[in-house]
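Q: I'm new to this one, could you walk me through it slowly? Let's begin with the words we'll need.

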Amino acid sequence: MHADLLFLDGPVLTQDPARPESDALAVVGDRIAALGAEARAMRGPATRVVDLRGRALVPGFVDAHNHLVSYGLRLMRLDLSRVEDKGELLAMVTERARMTPAEGWIVGHSWDETRWRDPVLPAQEELDAAAGGRRCLLARVDRHGGLVTTAALRAAGVASKGPFVAEADYDPLVKLTAPTLQTLVKAVAAASRRAHELGVTSSHVMCGGEDFAALQAARDQGALGVRASCFVYEEHLEHAVELGARRGLGDAWVRLLGLKLFADGSLGSRSAAISFPYQDAAGIGQLIHGEGRLEALVKRAREKGLQVAVHAIGDRAAKRVLDAFELAGVTPADRARIEHLEMAEDHDVSRAAAMGVVASVQPNFTGEWGHKGGMYERRLGWERARRLNRFAVYHETGLPLAFGSDDMPLGPLYGIRSAVEAPEPSQRLGVEKAIHAYTAGAAFAGFAEDEVGSLRPGLLADLVVLSRDPRAGDLGGVRVEMTILGGRAVFEA
Ligand SMILES: [Zn+2]
């Protein structure tokens, strides 16, 4: 048998402990067919040969936590967060108007005039002219109000004057621009294209509202370019139970994993449940569920065959989730997950390890907020901040590690670099361990280790060519050069 695709002459970092490294890999159809000498022998007249010349081949990245559909929607809409005055805002609207049909909407978000050089908003005529008479809604960063064109006001039947409207005048405009299923399908396509550029081929998607429907519709229309394993929110639990939907329902493209719960909020908004007060405000955050409720939800999901993933950022939330897991009788076979797990006492890390709890963590958070003077330090002071995201401690204590991005921002190489270059030894992982957490580790967290996440014959041919061997250092210089999804090249730099 001849290979369709053959990679030669480079480190193949398999993530398979039985054979961690090879120098060649052959693909037939959508599967990995062979490694090493056996792969080289499969070269035929029609084989596409990729000479790695020292570039590294790794498994397609598995992002263990993101919101693929809303991320795609954000990509499609006009991001005005970096605008610094009304002139820049109007210029972006003018540019977008050129690509928008006359009857279409221009929808933007995240402008914040308090950060502008000059906080003067555009006049109605200026915004109307920039939009070329189109309907346009630009949400302010707080999403309680926005800038609108005359055409948009008319379409929504809002009588008050623009261009800035808020609350009761603003809500009908938001309803009018709510994405249709077809818009969400386009969002999935946009997110998939970006994912391919970054080497992401699988992702665990937190699904609310119509996300699950959008992923399926996208798949039917050939717009889904990432294998999506889904967690649904608490409000969907009883529907899933009623249908008898269990973990594993679906296929390699859209699959149900289970239930996503929230135990607390975030450090950024000081709503993460912590043991000692925040440094920059009063309070210790808040647990979301009352006594007994979290335990009951975990128990019910587990009994009904759904995997459980619970968001816990503060140490008090982590403790609470582990109590719930213990009461529900969680064992390593459940692969119950804590999402984020930014703070946890040593004793709780050990309890988590004993139950085989997967630490589904986001190394990019360390990159974004973990430096001296960063958000973590402002909220908690350095002594506590330096004890967040202790990936090395989790790993050494025996927790299975799964890396994801929470799309803040999407991008495994940035996450891997953030873990490798983290400020504290307790947070820092070697590059091979970090790659493992973003491939095989994340696949394990979604019960998909026999399909994706490592390079073994028989597994799906989801592959990434990196511009250099990441083990050589200088991770900032490593790029994704090629992404293969099910044996097909979906991105080439
Ligand atoms: Zn999230």
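A: Two strands count as paired if DSSP finds at least two bridges between them. Strands (E, at least two residues) and helices (H or I, at least four residues) are DSSP runs, numbered from the N terminus. This is a predicted model, in which local features need pLDDT of at least 70 and side-chain atom pairs count only at pLDDT 80 or more, while totals for chains, interfaces and linings use all residues. Residues are numbered from 1 along each chain as its sequence is written.

Q: OK, which strand does E7 join, and with how many bridges?

A: E7 is joined by two bridges to strand E8 (residues 105-111), and the two run parallel. Leu78 has Gly108 as its bridge partner in E8.

Q: What sheet do they belong to?

A: They are part of an open sheet of five strands with mixed pairing, in the order E7-E8-E9-E10-E11. Strand E7 (78-79) and strand E11 (164-166) are the edge strands, each pairing on one side only.

Q: How is the whole chain divided into domains?

A: There are domain 1 (1-60 + 453-493), domain 2 (73-176) and domain 3 (182-451), with bounds that come from an automatic or database domain assignment. The C-alpha centres of domain 2 and domain 3 are 34 Å apart.

Q: Switching to strand E13, is it enclosed or open, and why?

A: Strand E13 (residues 227-233) is largely enclosed by the rest of the structure, because six of its seven residues are buried. A residue is buried if 20 or more other C-beta atoms lie within 10 Å of its own, exposed if 12 or fewer, and partly exposed in between, with C-beta atoms placed from the backbone.

Q: And which strands does E13 pair with?

A: Strand E12 (residues 200-207) runs parallel to E13 and is joined to it by six bridges, and six bridges also join E13 to strand E14 (residues 254-262), again in parallel.

Q: What about His65, buried or exposed?

A: His65, which lies in strand E6 (residues 61-66), counts as buried because it has 26 C-beta neighbours inside 10 Å. Leaving aside residues up to four places away in sequence, His65 touches His204, Met206, Glu339, Ser360, Gln362, Gly404 and Asp406, where contact means that the C-beta atoms, placed from the backbone, lie within 7 Å. The C-alpha atoms of His65 and Asp407 are separated by 8.0 Å, although the two residues are 342 apart along the chain.

Q: How much of helix H11 is covered?

A: Helix H11 (residues 315-328) is mostly covered, with 11 of its 14 residues buried, and what covers them includes helix H10 (293-303), strand E15 (307-312), strand E16 (337-340) and helix H12 (346-354). Just after H11, Gly329 has a positive phi of about 75°.

Q: Which other residues have a positive phi?

A: Among them are Glu167, at about 45° although it is not a glycine, and Leu341, near 40°. Glu167 is exposed, with 8 other C-beta atoms within 10 Å, whereas Leu341 is buried, with 31. Most residues other than glycine have a negative phi, and most peptide bonds are trans.

Q: Where are the cis ones?

A: The bond from Gly162 to Pro163 is cis, with omega near 0°, and so is the one from Met408 to Pro409, with omega near -10°. Pro163 lies in the loop between helix H5 (150-156) and E11.

Key
Two residues are in contact if their C-beta atoms, placed from the backbone, lie within 7 Å.
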